[in-house]
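Student: I have a new model open on my screen. Could you show me how to read it, feature by feature?
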Amino acid sequence: MIKFDRYKDGKRYALTFSYDDGCAQDRRLVELFNKYEMKATFNFNSRQINDYNNRCIHAEEIRPLFIEKGHEIACHTVTHPHLERMLIKDQYDEIMRDREALEKATGTIIRGLAYPFGTYGAETFTAMDTASIVYGRTVQSHNGFTLPDDFKLWHPTTHHNECENAVRRFIYNVTKAPWRAGGVLYIWGHSYEFDNAEAPVQWEKFEEILANLYQYRDGYWAATNLEIYDYVQAMKKIRRSADGKMLYNPTDIDVWVSYKDEPLKIGACQTVTVE
Ligand SMILES: [Zn+2]
């Protein structure tokens with residue numbers, strides 16, 4: 001019996017983060033992610049990266065700070081508007097010009113988006129398709145660990161200020177309930193919020209949370225948003241023979257499935273036969 005319930009390296013769980021606006025505090029936040037071997041996606045407004053009058057992350061910092069450490073940079077539009085209030089061509093411009101600027105700064109192909117203010121309209125999806133953006137992150141927490149059917153409506157598990165309960169449940173599932181279906185803990189926020197003396201989760205508390213998760217790192221895959229998206233797409237492309245015993249992976253990404261409840265790797269461009 002084959003089950004498509006595993007992530008990279010046969011893990012049943014994955015952990016990802018998404019941080020918006022490219023603010024100065026991202027410099028400190030990314031150090032924490034590096035320290036605890038976690039991967040995150042940082043969503044930038046490209047208007048700011050060439051503005052040296054502000055305290056935001058600047059274009060030439062992006063590669064050494066994020067890309068060279070394995071993190072992802074994604075779009076957050078050029079000027080941070082309410083996309084759904086704009087003409088579709090202007091929505092497209094906001095996304096595509098952001099993509100171009102971020103690709104220049106990162107030397108990577110940018111394929112993700114976090115919606116400014118978390119809002120979007122039906123035409124936003126068309127603008128994203130035209131700009132070759134494959135996923136869009138909202139701000140609607142669902143408190144669960146499931147992935148969306150439609151990645152243009154990728155709802156996170158939780159904002160970091162309310163994440164403690166979800167983190168506890170995630171660790172419980174990873175350690176004590178491997179029979180559960182698995183899933184992804186997805187935490188989002190803005191790094192400047194950690195400076196707010198009124199916030200329930202400030203720097204120290206967040207580091208405690210990451211350190212706690214780090215103890216269970218063998219049980220989850222630490223990935224960027226895009227790595228999870230690409231993995232799921234590769235998994236959907238696995239071809240099976242009529243009797244279900246032959247599995248062919250036509251993609252360039254290694255995929256793991258469960259066979260008799262054990263992880264089974266189907267390497268990129270490989271065929272695996274089971275009994
Ligand atoms: Zn924002």
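Tutor: Gladly, and we begin with metal sites. Donors are N, O and S atoms within 2.8 Å of the metal (3.2 Å for Na, K and Ca); water is not among the atoms, so sites may look incomplete. This is a predicted model, in which local features need pLDDT of at least 70, side-chain atom pairs count only at pLDDT 80 or more, and totals for chains, interfaces and linings use all residues. Residues are numbered from 1 along each chain as its sequence is written, and side-chain values use heavy atoms, with hydrogens and water left out.

Student: Which residues coordinate the zinc ion?

Tutor: Asp21 (OD), His76 (NE2) and His80 (NE2) do, at 2.0 to 2.1 Å. Along the sequence, these donor residues follow the spacing D-x54-H-x3-H. Aspartate 21 sits in the loop between strand 2 (13–20) and helix 1 (26–35), and histidine 80 in the loop between strand 4 (72–75) and helix 4 (88–106), so the pair ties together parts that are 59 residues apart in sequence. Helices (H or I, at least four residues) and strands (E, at least two) are DSSP runs, numbered from the N terminus.

Student: Is aspartate 21 buried or exposed?

Tutor: Buried means under 20% relative accessible area, exposed over 50%, and partly exposed in between (1.4 Å probe, protein chains only). Aspartate 21 is buried, at 14%.

Student: Which residues have the most contacts inside the largest nonpolar core?

Tutor: A nonpolar core is a set of buried Ala, Val, Leu, Ile, Met, Phe, Trp, Tyr and Cys residues joined through side-chain atoms within 4.5 Å. The largest here has 52 residues, and Phe17, Phe33, Phe42, Phe206 and Leu213 have the most contacts inside it. Apart from that core lies another, of 30 residues, including Leu247 and Tyr259.

Student: How is the protein chain divided into domains?

Tutor: Domain bounds come from an automatic or database domain assignment. Here, domain 1 covers 13–234 and domain 2 covers 238–273, and their centres, taken over C-alpha atoms, are separated by 30 Å.
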